[in-house]
Amino acid sequence: MIKIEGVRRNYKTGETEVKALRGIDLEVTDGEFLSIAGPSGSGKTTLLNLIGCIDSLDDGEITIDGVPVSRMDRHAKTTYRRENLGFIFQTYNLIPVLTAFENVSFVLSILGVGQEELSERTYRILKEVGLEGMEHRRPDKLSGGQQQRIAIARALVKQPKIVLADEPTANLDSKTGEEILQLMKQMNRTYNTTFIFSTHDKMVMEYASRLVLLHDGEIASDTRRE
Ligand SMILES: Nc1ncnc2c1ncn2[C@@H]1O[C@H](COP(=O)(O)OP(=O)(O)OP(=O)(O)O)[C@@H](O)[C@H]1O
Ligand SMILES: [Mg+2]
């Protein structure tokens, strides 16, 4: 369970200050498939980065499973992120010189997983995302949708409780985008992984079981379906 209470984030650039988040209160329960939507600049990425322990807030608190992650220092955040969170980015962020297999297994080697288990888990997750037979190709030898599948495998291979995805379908055509969504939804059901994604994409919003709309750094609406 993620608890976000009174979260504010201001960016200072020179003389000007942008209030990116102006007091966000939100609770996300385990296994939710939550979409954050809202106009450009409304604070979606800022909120994801705070939940993801990538950035620091100015006021308020974020706790994940009772752990006040927003109070951690940089080093503790990095460790927490590595062990507990998965990320999927709009531009995939794969390492170009590594194969699909290496891009995914890398995450496990950082966590100290032994060779045999590492290999077994990597092959298994790549198969689950539909990349069987393509494990030893580098990203530039794969399509955008296939690259995003590697990114999903990489986010899920450590079996995190939470996956954060910033506009995961933005660079995909709508058919591939829908396949990627179905895949994430399937992973959400299979592993009860919580997914939180930001999007401009109507289709992504339709897949969500809950839609939070941001406007100017505040929650404008919060709708549940199902
Ligand atoms: N590093 C930064 N330095 C200064 N201002 C920033 C920084 N990051 C974001 N902002 C500002 O904070 C506000 C929220 O930005 P954010 O990136 O969270 O919006 P967003 O909803 O993700 O937008 P988009 O849909 O375009 O991705 C914007 O006004 C933006 O200009
Ligand atoms: Mg953004």
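Colleague: Quick one to start: which residue just after α1 takes a positive phi?

Modeller: That's C53, with a positive phi of about 60°. Keep in mind that we're looking at a predicted model.

Colleague: Where do I find a positive phi of about 50° in a residue that is not a glycine?

Modeller: Go to D65, which has a positive phi of about 50° although it is not a glycine. D65 is found in the loop between β4 and α2, the helix of residues 74-84.

Colleague: Is D65 buried or exposed, and why?

Modeller: D65 is exposed, because it has 12 other C-beta atoms within 10 Å, and 12 or fewer counts as exposed.

Colleague: And what about phi of D216?

Modeller: Phi of D216 is near 50°, again a positive value in a residue other than glycine. D216 sits in the loop between β8 (210-215) and β9 (218-224).

Colleague: How many C-beta neighbours does D216 have inside 10 Å?

Modeller: D216 has 14 C-beta neighbours inside 10 Å, so D216 counts as partly exposed.

Colleague: Okay, let's talk sheets. In what order do the six strands of the open sheet come?

Modeller: Going across, the order is β5-β6-β7-β3-β8-β9, and the pairing is mixed. β5 (85-88) and β9 stand at the edges with a single partner strand each, so one side of each is left without a neighbour in the sheet. On average, neighbouring strands here are turned by 15° against each other, direction ignored.

Colleague: Which helix packs on that sheet, touching β5 and β6?

Modeller: That's α5, and its direction makes about 170° with that of β5. Another helix to look at is α1, which lies across β3, β6, β7 and β8 and runs at about 150° to β7.

Colleague: How many residues of α1 are buried?

Modeller: Six of the eight residues in α1 (residues 44-51) are buried, which makes the helix mostly covered. The buried ones are K44, T46, L47, L48, L50 and I51.

Colleague: Now β7. How many of its residues are buried?

Modeller: Five of five, so to speak: strand β7 covers residues 194-198 and is mostly covered. T194, I196 and S198 point one way from the strand, F195 and F197 point the other way, and all are buried.

Colleague: Which strand is joined to β7 by four bridges?

Modeller: Strand β3 (residues 33-37) is, and β3 and β7 run parallel.

Colleague: Which helix goes with β6 and β7 in the β-α-β unit?

Modeller: Helix α6 (residues 174-191) does, and the unit is right-handed.

Colleague: At what angle do the axes of α5 and α6 cross?

Modeller: The axes of α5 (residues 144-156) and α6 cross at roughly 15° and come within 10 Å. That makes α5 roughly parallel to α6, because angles under 35 degrees count that way. The crossing of this pair is right-handed.

Colleague: Which residues in α5 meet α6?

Modeller: On the α5 side you have G144, G145, Q148, I152 and L156. Facing them in α6 are T176, E179, I180, L183, M184 and M187.

Colleague: New topic: what order does the open sheet of three strands have?

Modeller: The order there is β2-β1-β4, with antiparallel pairing. β2 (16-28) and β4 (59-64) are the edge strands, each pairing on one side only. The twist averages 25° from one strand to the next.

Colleague: How many bridges link β1 and β4?

Modeller: Five, with β1 running over residues 2-13. As an example, R8 stands opposite D59 in β4.

Colleague: Last one. In which helix does S105 lie?

Modeller: S105 lies in α3, residues 100-110. S105 counts as buried because it has 25 C-beta neighbours inside 10 Å, and the cut-off for buried is 20 or more. Leaving aside neighbours within four places in sequence, S105 is in contact with L118 and T122. The C-alpha atoms of S105 and R121 are separated by 8.2 Å, and these two residues are 16 apart along the chain.

Notes. Residues are numbered from 1 along each chain as its sequence is written. Chains are lettered from A and ligands numbered from 1 in the order in which they are written. This is a predicted model: local features need pLDDT of at least 70, side-chain atom pairs count only at pLDDT 80 or more; totals for chains, interfaces and linings use all residues. Helices (H or I, at least four residues) and strands (E, at least two) are DSSP runs, numbered from the N terminus. Two strands pair if DSSP finds at least two bridges between them. A crossover is right-handed if, with the strands pointing away from the viewer, the path from the first strand over the helix to the second runs clockwise. Axes are lines fitted to C-alpha atoms, for helices over the stretch in contact, and angles run from 0 to 180 degrees between N-to-C directions. Angles under 35 degrees count as roughly parallel, over 145 as roughly antiparallel, 65 to 115 as roughly perpendicular and the rest as oblique. A crossing is left-handed if the near helix is turned anticlockwise from the far one by less than a right angle, and right-handed if clockwise. Two residues are in contact if their C-beta atoms, placed from the backbone, lie within 7 Å.
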